[in-house]
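Dear colleague,

Please find below the structure that I am handing over to you. My notes on it follow directly after.

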There are 4 protein chains.
Amino acid sequence: MPIEPSRGHSEGIGEALFPPSSVLRIPNLKRWGLKVSIIGATGYTGAELVKILLRHPEVEIETITSQSFAGKKISEVYPRLSTGLVCQSLDAERIASSFIFTALPHGASMEVVGNLYLRGKRIVDLSADFRLTNPLVYEKWYGVAHKKKNLLKQAVYGLPELYREKIKGARLVANPGCYPTSAILCLAPLLRYNLIKEDSIIVDSKSGVTGAGRKLSLKTHFPEVNENLSAYQVGCHRHIPEIEQELAKLAQKEVKITFVPHLVPLNRGILSTCYADLKDFLKLKDLVEVFEDFYREEPFVEILPQGCFPQVKDVVNSNRCQIGLTVDGKRRRVIVISTIDNLGKGASSQAVQNMNIMCEFEETTGLS
Amino acid sequence: MPIEPSRGHSEGIGEALFPPSSVLRIPNLKRWGLKVSIIGATGYTGAELVKILLRHPEVEIETITSQSFAGKKISEVYPRLSTGLVCQSLDAERIASSFIFTALPHGASMEVVGNLYLRGKRIVDLSADFRLTNPLVYEKWYGVAHKKKNLLKQAVYGLPELYREKIKGARLVANPGCYPTSAILCLAPLLRYNLIKEDSIIVDSKSGVTGAGRKLSLKTHFPEVNENLSAYQVGCHRHIPEIEQELAKLAQKEVKITFVPHLVPLNRGILSTCYADLKDFLKLKDLVEVFEDFYREEPFVEILPQGCFPQVKDVVNSNRCQIGLTVDGKRRRVIVISTIDNLGKGASSQAVQNMNIMCEFEETTGLS
Amino acid sequence: MPIEPSRGHSEGIGEALFPPSSVLRIPNLKRWGLKVSIIGATGYTGAELVKILLRHPEVEIETITSQSFAGKKISEVYPRLSTGLVCQSLDAERIASSFIFTALPHGASMEVVGNLYLRGKRIVDLSADFRLTNPLVYEKWYGVAHKKKNLLKQAVYGLPELYREKIKGARLVANPGCYPTSAILCLAPLLRYNLIKEDSIIVDSKSGVTGAGRKLSLKTHFPEVNENLSAYQVGCHRHIPEIEQELAKLAQKEVKITFVPHLVPLNRGILSTCYADLKDFLKLKDLVEVFEDFYREEPFVEILPQGCFPQVKDVVNSNRCQIGLTVDGKRRRVIVISTIDNLGKGASSQAVQNMNIMCEFEETTGLS
Amino acid sequence: MPIEPSRGHSEGIGEALFPPSSVLRIPNLKRWGLKVSIIGATGYTGAELVKILLRHPEVEIETITSQSFAGKKISEVYPRLSTGLVCQSLDAERIASSFIFTALPHGASMEVVGNLYLRGKRIVDLSADFRLTNPLVYEKWYGVAHKKKNLLKQAVYGLPELYREKIKGARLVANPGCYPTSAILCLAPLLRYNLIKEDSIIVDSKSGVTGAGRKLSLKTHFPEVNENLSAYQVGCHRHIPEIEQELAKLAQKEVKITFVPHLVPLNRGILSTCYADLKDFLKLKDLVEVFEDFYREEPFVEILPQGCFPQVKDVVNSNRCQIGLTVDGKRRRVIVISTIDNLGKGASSQAVQNMNIMCEFEETTGLS
């Protein structure tokens, strides 16, 4: 019987609904809140987690850690976060919360997650370390040995639209990458229903700059990005094996895609334009229906009407994914375009969606 | 024997190199300057033409016209243009120059061009009105009847890399669209040498906002574009038939492409990412050589070394096109990426390149 | 006894806390919410009001009107607004809500407000029509006759930090302009305590482009604003008399300021840099204390520590105002810098703050 | 008798105009060009110098140095620079050119300049090391000892509008800072003619991000600058003593100013809004005339007509400074607004203007 400990008004509710005597028994609704910790809270995804969780009515943030800012209030690093939370240095032994978000760089996450897992925590890991089920693929693309191979079997890929039931019971959820989220949501209905040629898939993605993180680099130096536009890691981006793994599961056969990401001068947002050849000709009307059916129950995926295509500004600062599609009749090719916020559905708010599912909160809690 | 009347110092050169007597025969190098007019000088492409031609050592701008600003100095509309030129209202009868640039909207250009052509002018038309050789295709995509069908046969498509010889003798050059320039330069070597499957071509283009012109629209209102990213006219943009016409000539068979343009928040620049399936497997090294050979003599097309891809900022404010490519071996697919300035090689500086060729000036004059 | 009709979970709470029988009597918690209407809901400030009020736990939006989009869902105009609300054409007779926000252009608002006021509504007017108490000043600066002069006496200037008590009992609140909010909050402590020379005040403000509204103009056309920076209405902006009126009340004597607004290429945010000469020398430490004392109880005004100055990104999408200050000892001059979101504390969220006060809701409800 | 060694076409001209025999006497027009070197060519100001000098008809770049990119072609660092020039590591002994631009960080420049000066070179130094005539002031504001104090007397402050005659004969020119250039040009006529109170001057400047250089910093990380706006080094920026030194010379008495710089999200451009109290009331018309007279002969300073104010986009990529002004009659205060390109008139193109003067080239050569 979860009762919503609404921020700000909790005392008012308590007073209104319970007689004074009951106050002794239920002195503080906050006690009922789930205590969570965030490992790596001062990167862009970590800070976005803090922002979302501060507003989440079922959750209390207990501990946040940061290597670079240990000892500082996070509000000194991100003044818009109105909280007194102080960054700790990471000491897995001392983290009491039962639910943990890890927002560490790839490679650095696996040992921390392993340690926390052994200590019985439930974890959403925002790194890539537990997304690829095959450690050899991980090692090939990420260039480091995987030290927690046995944990890979426990990890559930945290895309709720595909794996909601598994996520419910999971103790370790590997939160998807931003590009994979945008691409897989475009292609899932098409592959599940065997509508497209598996070898014809092209994903052309465009991302805002927060996707590259807070680490300094000439590539993200303002005068180098502003008034510029470029492709990068053309055909060799690390999100390729992640997308292919998930598409293969949907298609029940190997799928190899062509993927080109682009850097565009805005802060937040990904737009992915996906192209694939249809096996049989399908009218746009019917294809739109396929997508609508596939995502009918999904609170965060919206299929736009025929002729409409999504814009990044309509999904920024949200957990939404909008999808528009069309058929290029001449070539029997389908074009599917999705937009997400790379820090939202592409990272932190999707992590919270996963937590909501794992903890049996209403799935949209704190996310709308 | 063209002599360069270098801006600023031309008299000095004359004095220094020729004895006084020769002055009679070559009295003033300026007199030799080609007089040109610009019809529609206050749109973005028109103003860019003025900017380039003011610096062009062989040319003198005689007349500029503008419907919206007739009677005003163009420096009142574009203060960075340091010239006393005053916008005239358009009166084709009164335009004395023998060489004319028309930078009018599609549909509005054909009659003006027809009139000027009859009066013996040489013309570079920056509208779409003379780009499509088949008037039925024009009418289908632009929704207006073509009133100068007979002139279509005279018009040469002004992409120097493909039609330099024809441009030399042309009286009417149809200056290519911005997206077509970026796409055709990517695909020409592949189709000319029969290397790709003609039905596999996808062009995913990203453009800065000046490409939409100076006309007001909610879509180009600052807060609607900034921090946003969107596709538009998905699979139905008017540049499709133009690209397909030129690719068909290269392939010597019909070619149908999939084309999706995107609007990105920067002022100038187009990046086009082109995908196509190779007929036979080719090593990247060999493909790069094909491109290098194809464009070896071209002063404005630069093939980047293997592993390098172009950025918009390196071509903005220039007539350059940079091209990088790679092969996605898994799928035997080639990816070719080009960058141009949509107002440069995509419009006004290419128009000047065409003029240089038509008038037998050194092709790079005023453009480097 | 306000009970929070929390969005999303209201039914759950109802079920949990009340026996089934009570459901008949309190069938829908929504009924308890304050019903409000928004006149002019599709401009930027109107849409921001809709966004904030959709999340406000005490409020239900009943009617929204729009001249341009009557008959359309507002989610068609602003897809990020997840609501089925349909824009009505304005018919003051048919607006049932007891509380109304008017977000109409200056000049157009006064008659609508007059009509609604007569019909007993409580109103927050976001236009300038009721901000200036002297109708002659209004007419001079806005160039139109004031048709509701008698109502001017009823209107309370809606800056809660100065007029909270009056706002409580007000039936008509004139919501302050964006620049005035940012400037007055900087200067109020200094004038109230008689610390600065009244004739020395300079306000140099920089604003994002949404401040200019959604109406198309070449000045807000993307390529004209992006990579640009300019001052406008130098020394003659309409917010001058509004700022001077409020500063005069604080100083209890006439105050004339110099005010220069600037347009900068970002969507949201105002940064105002205010300069004034101190009457007597004061240490920075003491001045900071003056500001801290003045705003100690204010939930939305934050005085930064010595040596810190505010950034727009820390207040965007909030009702916060951050203030940093320093003393230029050489010249005995104080520099006070404030940041607000022009659509937040500068318009719509401040309007909601005013509603909260007028309706005796917790002042921060729906705003944190 | 300077003859223009036109870029690209010099051989062609030679061939055309001279018989083979004359080639012995004038074998290569390039030989006549001034050979220059650029120390520190890969920062933003250094690269801008390369860009401008490559187009300069009187100059040949002989040597460029770069600590970070020694051994690399500068076209690898800045692909838009079409030149084969290779960066050298700095070895002052080996620099043969008689004319040198030093574009090193403050503190690092003085020894290099000292060394080059001893070896008889003529130098334009773009650092701050030789701008302040009083070494104690330098040491106070820059925090390092000045090691070439005796050279300070030789250095001429390179603002041609004030010191053209001295620059002509100078061997060492200290190129002004970007903010000082924009501020001094606004205030010079007012102080020279004793029109304003010296203790009333406020300079509120707004700068694009290239002003902060190419060095990485969180403050110039794209997501931190974009959609943001902030003041920095409020009242304590290092350009203050430089501005005050020059204003004092104009006023012939000590001048202390208040100066606040702001960082705005664009690449290039500075807009400075200057405020000062008039000693006696002056009509705007008369003040504009004062400015027009003061700058009448200046090729790069443009006084806008009454009611017009400059925009950054009209001066970007140029050596121009535009100035607009007004009088705030209520307060007898003058407001003067200037715009420059911080990498243009604020740095590199002004350095070239200084070179033109020093070498008795036409002052505008290569700059229009």
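**The nonpolar core**

In this predicted model, the largest nonpolar core has 415 residues, and A:L187, B:L187, C:L187 and D:L187 are the ones that touch the most other members. Taking B:L187 as the example, and not counting residues up to four places away in sequence, this leucine touches B:I201, B:L247, B:C274 and B:V336.

**Chain A as a whole**

Chain A has 13 helices and 14 strands. Its radius of gyration is 21 Å, close to the 21 Å that the globule rule gives for 368 residues, so chain A is as compact as a globular protein of that length. Along the principal axes, the C-alpha atoms of chain A fill a box of roughly 75 × 45 × 45 Å. Of the 368 residues of the chain, 54% count as buried. If one considers the contacts in chain A between residues at least 6 apart in sequence, 67% of them join residues at least 24 apart.

**One helix in detail**

Helix α12 of chain A spans residues 284-294, and its buried residues include A:L287, A:V288 and A:F291. Why do these residues lie on the same side of α12(A)? They cover an arc of only 100° around the axis, which puts them on the same side of the helix. In general, an α-helix has 3.6 residues a turn, so residues three or four places apart point the same way. On the other side of α12(A), the residues A:K285, A:D286 and A:D293 are exposed. The buried residues of α12(A) pack against one helix, α9 (178-192), and against the strands β12 (301-303), β13 (321-328) and β14 (333-340), which belong to chain A as well.

**Chains A and B**

The contact takes 34 residues from chain B and 34 residues from chain A. On the side of chain B that touches chain A, the elements that give two or more residues are β8 (202-207), β9 (230-231), β10 (258-263), β11 (270-277), β13 (321-328) and β14 (333-340) of chain B. By class, this side of chain B has 14 nonpolar, 10 polar and 10 charged residues. Of the interface residues of chain B, 100% are also interface residues in chain A, so the copies meet through the same surface.

**Chains B and C**

Chain C is superposed on chain B by a rotation of 180° with 0.0 Å of shift along its axis, and the RMSD is 0.0 Å. Which residue of chain C comes closest to the rotation axis? It is C:F222, whose C-alpha lies at 2.1 Å. In this pair, 12 residues of chain C are in contact with 12 residues of chain B. The side of chain C that touches chain B has 6 nonpolar, 5 polar and 1 charged residues. Here, 100% of the interface residues of chain C are also interface residues in chain B, so the copies meet through the same surface.

**A residue of chain D**

D:E363 is placed in the segment after α13 (344-358) of chain D. With 18 other C-beta atoms within 10 Å, D:E363 is partly exposed. Leaving aside its neighbours within four places in sequence, D:E363 is in contact with D:P299, D:Q353, D:N356 and D:I357. D:E363 and D:V352 are 11 residues apart in sequence, and their C-alpha atoms are 8.9 Å apart in space.

With kind regards

Conventions:
Residues are numbered from 1 along each chain as its sequence is written. Chains are lettered from A and ligands numbered from 1 in the order in which they are written. This is a predicted model: local features need pLDDT of at least 70, side-chain atom pairs count only at pLDDT 80 or more; totals for chains, interfaces and linings use all residues. A residue is buried if 20 or more other C-beta atoms lie within 10 Å of its own, exposed if 12 or fewer, and partly exposed in between; C-beta atoms are placed from the backbone. Helices (H or I, at least four residues) and strands (E, at least two) are DSSP runs, numbered from the N terminus. The arc is that of the directions from the helix axis to the C-beta atoms. Two residues are in contact if their C-beta atoms, placed from the backbone, lie within 7 Å. Ala, Val, Leu, Ile, Met, Phe, Trp, Tyr, Cys and Pro count as nonpolar, Asp, Glu, Lys and Arg as charged, and the others, Gly among them, as polar. The radius of gyration is taken over C-alpha atoms; the globule rule is 2.2 Å times the number of residues to the power 0.38. A nonpolar core is a set of buried Ala, Val, Leu, Ile, Met, Phe, Trp, Tyr and Cys residues joined through C-beta atoms within 7 Å. Copies are superposed by least squares on the C-alpha atoms of residues with pLDDT of at least 70 in both.
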